[in-house]
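Please take me through this model in the viewer, telling me what to select at each stop and what is to be found there.

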Amino acid sequence: MAAAVRSVDDADQGARLALRAAAGVKSFAEGIFDSIAGVQGDFNAEAIGDIEAVEALAVKRYADQVIAGEKPTDMAEFERLMRDNSGDEVFSRTLLNSLGPEGTIKLANGLSDLAYFDDKRNKANYMNLQGSLAASLSSATQGTGSEFYKRFRKGMQQAGVKKYDLDVAGEKIPVGTGRGQQARGYQSLVTLMQQGEGYSDRFMHDMADDIRKAEDKNQGGDPNMWDLRGDFSAEDDGWFANDPLDGLLGVMSKDAEAVTAYLDPGEKGENDTLKYLLTGRQWDHVDTSDWRGNIEHSAKDTFDSDVRAGLGLALEVGSTGNQPGGEGAGFGRHSPEQARIMHETVNYLDYGAADGKSGEQKGSPRVGKADELLAKDEYAALRAPLSRALADYSPDMVDIVTGDAPGGRAGAAGAHMSGEGSQIQNSRSSLLRMMRGVSESDDPSNFELIYHAQRGYISQEMMVQDFPDSLSVINESRKVGEVFGALDAGRR
């Protein structure tokens, strides 16, 4: 009831603001029309027809205060304007047009500074405003073929790589190198996007492509583009997307269709995104120093403790269609796109190549290293998501271990395509190394998840089978024993 009353009141306030703007009656918030909407004299003959557009221009006054490092003079009105209209396309595009890409970044930064540093007492209010600004970004960019979208994206390609003041970066290092460091625009934009949802697939894909272009040396980018001093993870500073591509993957993981389409290698391997993320990308974005006496020298870059967190969720969701951290609906197969992602993820992590290794000859040296790779600290964030994904592929894994899969125990170069019944075809040894890798932790939950999932699948299959004789029972029991033997080997 209270929410309904507030909604009606918000609408009344918006209508009153529009009428006063049309009549030339100016309040503190409405004075913005002088510079933007061209309101002159006692009456505006070209009054803006959309109440939402009027309110967007009124918001600009408060936004300018925040950008200037000031507190908004009327927090309640600022919140009302944003809360009431952020889902409206006219309001959102008018607001973002008036701010421009740079202004949008500076407003997001200003709200972060107020929330986390300058006015912590009112943090909840500023976070509400950030959520509304993120919602406006989402609603404004739904129509990706519009002139607004093309103009905004082009402007963001320039603003996204520029540096801006942001306290979480500038105050990270109290004294010495790194003191006063600035954040890049894309880091701030993705930090803002983390407060929202419902972004269009095309917008997220375009943003990811633009961020990659800025950092990928093969596209003329700088792999050290996002480097900063200090660790930006955990409860205190983990909200800041110092690695914007990883942060955006986390945002994208909330939309299964979007992340699957982004990661899918394609029928002919035309999309190299997965390859780039798993084998070609520079993930170390923390600058360090080496002291030799009293002289400071730049040292090798290192990584945040939450490195690859977004990638892990994206791989999980993209290969299963489940919600991040969630469980599947049952023991089923997968779509061709999902199976391709999972199949190539295993092979890239194990062999560094999409087609992996179709078979192992006796006496040949072992080249698969997924277990060693996933045991490293910089891959820790992949373990839990990949364990959930492997559990979702229990039918495929059981078939591969027992040799009943289309590619047998040796596997095949690509996933087995069969509509919604598609399967991975990695080698048995690759899957065992993957299981060992994701289980590399003092916490046994990852292994237990895979173990119980495969046990549940086997139990389900045994219950529905009709065994014609004792020999068939023995044969099936041998397969069950082989699976559990493999699981036991994977735990060691």
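**A helix pair, then the aromatic rings**

In this predicted model, begin by selecting helix α13 (residues 273-280) together with helix α15 (residues 336-351), which pack at an angle of about 25 degrees with their axes 10 Å apart. Angles under 35 degrees count as roughly parallel, and α13 and α15 are therefore roughly parallel to each other. Their crossing is right-handed. To see the contact itself, show the side chains of Leu 274, Lys 275, Leu 278 and Thr 279 on α13, and those of Ile 341, Glu 344, Thr 345, Tyr 348 and Leu 349 on α15. Coloured by class, the residues of this contact divide into five nonpolar, two polar and two charged.

Next, turn to the aromatic rings, for which a search of the whole structure finds ten pairs. Select Tyr 149 and Phe 203, whose ring centres are 6.2 Å apart and whose planes stand at 75 degrees, so that the pair is edge-to-face. Tyr 149 belongs to helix α6 (residues 147-159) and Phe 203 to helix α9 (residues 201-215), so this pair ties together parts that are 54 residues apart in sequence. Tyr 149 and Phe 203 are both buried.

Move on to Trp 239 and Phe 240, an aromatic pair that is edge-to-face, with 6.2 Å from centre to centre and 65 degrees between the planes. Both Trp 239 and Phe 240 are buried.

Conventions:
Residues numbered from 1 in each chain as written. Predicted model: local features only at pLDDT ≥ 70, side-chain atom pairs only at ≥ 80, totals over all residues. Heavy atoms only, no water. Axes fitted to C-alpha atoms, helices over the stretch in contact; angles between N-to-C directions. Helix = DSSP H or I, 4+ residues; strand = E, 2+ residues; numbered from the N terminus. Parallel < 35°, antiparallel > 145°, perpendicular 65-115°, else oblique. Left-handed = near helix turned anticlockwise from the far one by under 90°. Contact = heavy atoms within 4.5 Å. Nonpolar A, V, L, I, M, F, W, Y, C, P; charged D, E, K, R; others polar. Phe/Tyr/Trp six-rings, centres within 6.5 Å; stacked < 30°, edge-to-face > 60°. Buried < 20%, exposed > 50% of the residue type's maximum accessible area, 1.4 Å probe, protein only.
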